[in-house]
Amino acid sequence: MRCKEDAKNWRKWFQTVAAAVCLIFVVMLTGCSKNQMDVTITDRQTTTKFTAKSDLTVEKLLEEAEIPYDEADEIVPSLHTKMTGNNATIHISRHVKVSVLSDNQNESVELTGGTVADALKQAGVSLKKKDSVNHDLMTYLTDGMEICVVRRLGITLVVGGKSQDVLTTQKDVASFLKEQGVTLGKHDRVEPKLKAELKDGSKVVVKRVEIKKETRTEAIAYDTKQTYSPSRAAGTRKVTQKGVPGKKKVTYRVTYVDGKEESREKVSEKVVKKAVNQVIVQGTKKKSGKTIVSKKRVDDCDGSGHGYYIITYSDGTVKYENY
């Protein structure tokens, strides 16, 4: 019985000690958590999170996070502010000096906590639809940053009848064509001229011109000659020699613009086969003798059915003929 009672007392003592140890541990944990806080530091695009003791100043927290800063930087809350509670948020706006290059002018700009868009605004630079910038407009500024604005022009380029819209930074037609890899042939035409200044919306047309010499065989038309023959009756005609076309080789200087013929100029020609003239004989011989011009019938009045004709001839003579 004595052993059972000792064992029971031992268990009771052990439970009491264990409970006390747990209580002390909980108190220690609670006390530690009350002295700790979560810290978040935002520095442009960078966010730093860590755990630190409560009641530290912003300056000490930045030191713990090993984040450097300059006097010109804007820090919220201020450096001497003590941070308490479970969460602490610190925001750093960096003071920077940047350069803005636009329209051949370099403008120096100082800002605190700004973006590329803010720097352009402060420099008085307005962007057009086709302009480009070497940084995204929402990028935070860094000290010494160079911001370059490139003015681009919208140009319609037509080469050989094919059209396309392109963007360029070139100022004149010659530089623009070189940029686009357009090589001009000896006879090609460019509108406007190569020295012409480009403007937004300009149209540059390159017409491909090709000049060729072409030789082809062409027919030579024959002439018709008419002769007169007194041995043939007047009003009659006869072909005594048939006409035959000739042949000639003609060389032309042909100008093609964008593949279509624009003009054709004769350079030379050579007769290969002469044409044979057609000959027609026209008769001039007049008919011999006189001819009846008119013949008028005159009946007798007695009703016998007899009478006479009055015949007039081409020579003016008149003849009476009974019937």
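This briefing covers the strands, salt bridges, surface charge and backbone exceptions of one structure.

The model is predicted: local features need pLDDT of at least 70, side-chain atom pairs count only at pLDDT 80 or more, and totals for chains, interfaces and linings use all residues. Residues are numbered from 1 along each chain as its sequence is written, and side-chain values use heavy atoms, with hydrogens and water left out. Helices (H or I, at least four residues) and strands (E, at least two) are DSSP runs, numbered from the N terminus.

**Strands and sheets**

- Strands of a sheet pair through backbone hydrogen bonds, either parallel or antiparallel.
- Here, two strands count as paired if DSSP finds at least two bridges between them.
- An open sheet is built from four strands, in the order β8-β7-β10-β9, with mixed pairing.
- The edges of this sheet are β8 and β9 (132–133); each has a single partner strand, so one side of each is left without a neighbour in the sheet.
- β9 pairs with β10 (residues 146–150) in the antiparallel sense, over two bridges.
- Val133 stands opposite Val149 in β10.
- Another antiparallel pair is β11 (residues 153–159) with β12 (residues 162–168), held over seven bridges.
- Within that pair, Gly154 has Leu167 of β12 as its bridge partner.
- β11 and β12 form a hairpin, with two residues between them.
- Gly160 sits in the turn of this hairpin and has a positive phi of about 60°.

**Salt bridges**

- Side chains of opposite charge can pair when their charged atoms come close.
- A salt bridge is a side-chain nitrogen of Lys or Arg within 4 Å of a carboxyl oxygen of Asp or Glu.
- The whole structure holds 15 salt bridges by this search.
- One of them joins Asp43 and Arg94, whose closest N and O atoms are 2.7 Å apart.
- Asp43 lies in strand β1 (residues 36–43) and Arg94 in the loop between β6 (87–93) and β7, so this pair ties together parts that are 51 residues apart in sequence.
- Burial is judged by relative accessible area: buried means under 20%, exposed over 50%, and partly exposed in between (1.4 Å probe, protein chains only).
- Asp43 counts as buried, at 12% relative accessibility.
- Arg94 also counts as buried, at 11%.
- Another salt bridge joins the side chains of Asp188 and Arg208, at 2.7 Å from N to O.
- That pair links distant parts of the chain, 20 residues apart: Asp188 is in the loop between α4 (173–179) and β13, and Arg208 is in the loop between β14 and β15 (209–220).
- Asp188 is buried, with a relative accessible area of 17%, whereas Arg208 is partly exposed at 29%.
- Salt bridges that share partners join Asp43, Arg44, Asp73 and Arg94 into one network.
- Arg216 and Glu218 also meet through their side chains in a salt bridge (3.2 Å, N to O).
- Arg216 is partly exposed, at 44% relative accessibility.

**Negative patch**

- Asp70, Glu71, Glu110 and Asp143 gather in a surface patch of negative charge.
- Patches are made of residues with over 30% relative accessible area and no salt bridge; like charges are joined within 9 Å, and nonpolar side chains (Val, Leu, Ile, Met, Phe, Trp, Tyr) within 5 Å.
- Lys and Arg count as positive and Asp and Glu as negative, while His and the chain ends are not counted.
- Each charge is placed at NZ of Lys, CZ of Arg, CG of Asp or CD of Glu.
- Glu71 is in the loop between α2 and β4.
- Glu71 is exposed, with a relative accessible area of 84%.

**Backbone exceptions**

- Most residues other than glycine have a negative phi, and most peptide bonds are trans.
- Val76 and Pro77 are joined by a cis peptide bond, with omega about -5°.
- Pro77 is in the loop between β4 (74–76) and β5 (82–83).
- A cis bond also runs from Glu191 to Pro192, with omega near -5°.
- Pro192 is in the loop between β13 (189–191) and β14 (203–207).
- Glu66 is not a glycine, yet has a positive phi near 55°.
- Glu66 lies in the loop between α2 (58–64) and β4, and is exposed at 70% relative accessible area.
- Asn104 also has a positive phi, near 65°.
- Asn104 is in the loop between β7 (95–102) and β8 (105–112), and is exposed at 80%.

Note on methods:
Accessible areas come from the Shrake-Rupley method with a 1.4 Å probe; for residues, only the protein chains shown count as cover.
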